[in-house]
Amino acid sequence: MASVASPSLLLRAPPHHLCVQRPGIYRDEEGRSWVTVALCISPSQRAQASVVGSRFPRERSIRVHLWQIPVHPQGTLFFSQLPFSQLPLTWQLCPGKKYQGSDSRTWQIVDHDQIGATEQLTLMRQLYPGE
């Protein structure tokens, strides 16, 4: 199913600044909440083990999917099993469709769109050996 971007999003840039409010929930410069709805590390440890003997080991990356949705300040986060320690406390928008994390790591903007009333942002960074 193809997503349809709303005309208003075509004019809106990604947030300039995202700051953690609590694990998995960020607030942008306009006070809007961004909730981490998925956090994917690929290939998984199991998949990585299966390619150890391969001539072409796959690079590992982490991808985070954020949705801009209202969050009650005392609400329960329903994605508590996600490894939020992999995410920085803040992200700052940089030129070239990138964010710089407070941990000095660079995240690429993979996708920024809107489906219905929900604005979505997908970020990715490469994982290095030992991470």
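Leu18 has its bridge partner in β5: Trp91. The model is predicted. Strand β1 covers residues 17-22, and strand β5 covers residues 90-94. They run antiparallel and share three bridges.

Where does this pairing sit in the fold? The sheet is a closed barrel of eight strands, in the order β1-β2-β3-β4-β8-β7-β6-β5. Pairing in the barrel is antiparallel. On average, neighbouring strands of this sheet are turned by 30° against each other, direction ignored. Strands of a sheet pair through backbone hydrogen bonds, in either a parallel or an antiparallel sense.

Now to β8, which stands between β4 and β7 in the strand order. Strand β8 spans residues 118-127, and Thr122 is found in this strand. Is Thr122 buried or exposed? Its relative accessible area is 7%. The cut-off for buried is under 20%, so Thr122 counts as buried.

How many disulfides does a search of the whole structure find? The count is zero. Cys19 has a relative accessible area of 29%. For Cys40 the value is 37%.

Technical notes: Residues are numbered from 1 along each chain as its sequence is written. This is a predicted model: local features need pLDDT of at least 70, side-chain atom pairs count only at pLDDT 80 or more; totals for chains, interfaces and linings use all residues. Side-chain values use heavy atoms; hydrogens and water are left out. Two strands pair if DSSP finds at least two bridges between them. Helices (H or I, at least four residues) and strands (E, at least two) are DSSP runs, numbered from the N terminus. Axes are lines fitted to C-alpha atoms, for helices over the stretch in contact, and angles run from 0 to 180 degrees between N-to-C directions. A disulfide is a pair of cysteine sulfur atoms within 2.5 Å. Buried means under 20% relative accessible area, exposed over 50%, partly exposed in between (1.4 Å probe, protein chains only).
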